[in-house]
Amino acid sequence: RRARDAALLPAPARTADGVPVRVSLSVDEIAQLRAVDPAHADGIGLVRTEAMFMTRASTPGEEGQLALYRILLQWAGGRPVTIRTVDPGAGKALPGVADGGLRGVAFGLANPELFRTQLRAMLRAACFGDLTVLLPMLESPEQLAGARALLDQAAAELRQAGRSFGQPRLAMMVETRPAVERIAEFAVDAYAVGLGDLAAAVLGQARDAGDPEPARHPAVAEHVRRVLEHARSAGKPVSLCGAAAVEPELIPTWLRLGVREFCAPAPALAATKAAIAAVDLSAA
Ligand code: PEP
Ligand code: MG
């Protein structure tokens with residue numbers, strides 16, 4: 001089975017009836033890319049920057065972050081790369097920084113200096129490839145407006161300092177209930193569904209990292225369906241992230257719902273492509 005899966009690795013993913021499906025990588029550490037051929041993935045769909053920082057002695061500053069993001073973009077060689085702003089909490093702590101119980105964008109808005117430092121590093125990194133900035137745990141359009149204002153301010157700071165920078169796209173994680181309920185109100189370029197947090201929120205359960213079980217609940221699929229429906233009408237891409245996204249048994253369900261991009265950690269790349277190749281979407 002492993003040998004069969006590995007044979008599918010070099011080619012872009014397709015269902016049994018030939019529907020193309022994107023499979024991008026999720027990355028928690030640069031070292032995870034070492035054994036991966038960039039041609040085997042459709043770019044990088046999720047970089048958990050808090051995970052990259054938490055293994056260090058201190059949270060890197062603008063130059064240190066730029067160096068990391070540049071490695072990711074250069075590795076991707078022009079393929080799209082989505083880097084997420086920090087999402088502390090849920091077992092992830094930034095070295096030397098108290099999260100105050102806040103996660104995602106709420107943490108960034110409460111720590112604007114730190115957030116702008118990260119946004120400046122991302123804006124500068126955008127010169128080295130095709131970059132999307134991804135905002136985690138977004139709950140309201142007001143939070144998005146706040147994040148956008150800090151992004152504008154970060155760009156103004158770079159302009160003032162005479163630094164060159166690019167124009168990344170802006171995407172949101174859809175992993176809270178209000179994000180799904182108000183999905184049409186968020187003016188972003190793309191969506192990434194975080195099944196781990198979304199399933200926990202929809203079912204009112206504590207999150208058990210890596211356990212795909214809660215995502216099997218029909219209420220979770222219904223939330224994913226609503227996001228896909230809106231995205232289709234708005235003409236914006238959606239990727240499905242989290243352990244349950246690439247659980248081989250669940251991949252047929254997500255494909256039938258309309259998911260056309262999965263985000264997989266490197267060790268799951270081959271099995272994800274194999275699970276996609278086994279699904280015939282033309283069958284009833
Ligand atoms: C998720 O919530 O499923 C997700 C992809 O983000 P994280 O695992 O970093 O919370
Ligand atoms: Mg999440």
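This is a predicted model: local features need pLDDT of at least 70, side-chain atom pairs count only at pLDDT 80 or more; totals for chains, interfaces and linings use all residues.
**Around ligand 1.** I sorted the shell residues by type and got three nonpolar, three polar and four charged. Then I listed who they are: R48, D87, A90, E175, G194, L195, G196, D197, C241 and G242 surround ligand 1. Which helix gives the most to this shell? I found that helix α8, residues 195-203, does, with three residues.

The protein chain averages a pLDDT of 95, and 100% of the residues score at least 70. I also noted the scores for the model, ipTM 0.99 and pTM 0.97.

**L240.** Next I looked up L240, which I found in strand β8, residues 238-241. Is L240 buried or exposed? I noted 29 other C-beta atoms within 10 Å, so L240 is buried; the cut-off for that is 20 or more. I then checked how far L240 is from G194, one of the residues around ligand 1. The two are 46 residues apart in sequence, but their C-alpha atoms are 6.7 Å apart in space. I also wrote down the contacts of L240, leaving aside neighbours within four places in sequence: V193, L195, A245, W254, V259, E261, F262 and C263.

**Helices α5 and α6.** I moved on to a pair of helices, α5 (residues 112-125) and α6 (residues 141-160). Their axes come within 9 Å and cross at roughly 65°. I noted the crossing as right-handed. Which residues make the contact? From α5 I wrote down P112, F115, R116, L119, R120, L123 and R124. From α6 I have L150, L151, Q153, A154, A155, E157 and L158. Sorted by type, the residues of this contact come out as nine nonpolar, one polar and four charged.

**M137.** Last stop: the loop between β5 (130-135) and α6, where I found M137.

Definitions and conventions:
Residues are numbered from 1 along each chain as its sequence is written. Chains are lettered from A and ligands numbered from 1 in the order in which they are written. pLDDT is the predictor's confidence in each residue, from 0 to 100. A residue is near a molecule or strand if its C-beta atom, placed from the backbone, lies within 6 Å of it. Helices (H or I, at least four residues) and strands (E, at least two) are DSSP runs, numbered from the N terminus. Ala, Val, Leu, Ile, Met, Phe, Trp, Tyr, Cys and Pro count as nonpolar, Asp, Glu, Lys and Arg as charged, and the others, Gly among them, as polar. A residue is buried if 20 or more other C-beta atoms lie within 10 Å of its own, exposed if 12 or fewer, and partly exposed in between; C-beta atoms are placed from the backbone. Two residues are in contact if their C-beta atoms, placed from the backbone, lie within 7 Å. Axes are lines fitted to C-alpha atoms, for helices over the stretch in contact, and angles run from 0 to 180 degrees between N-to-C directions. A crossing is left-handed if the near helix is turned anticlockwise from the far one by less than a right angle, and right-handed if clockwise.
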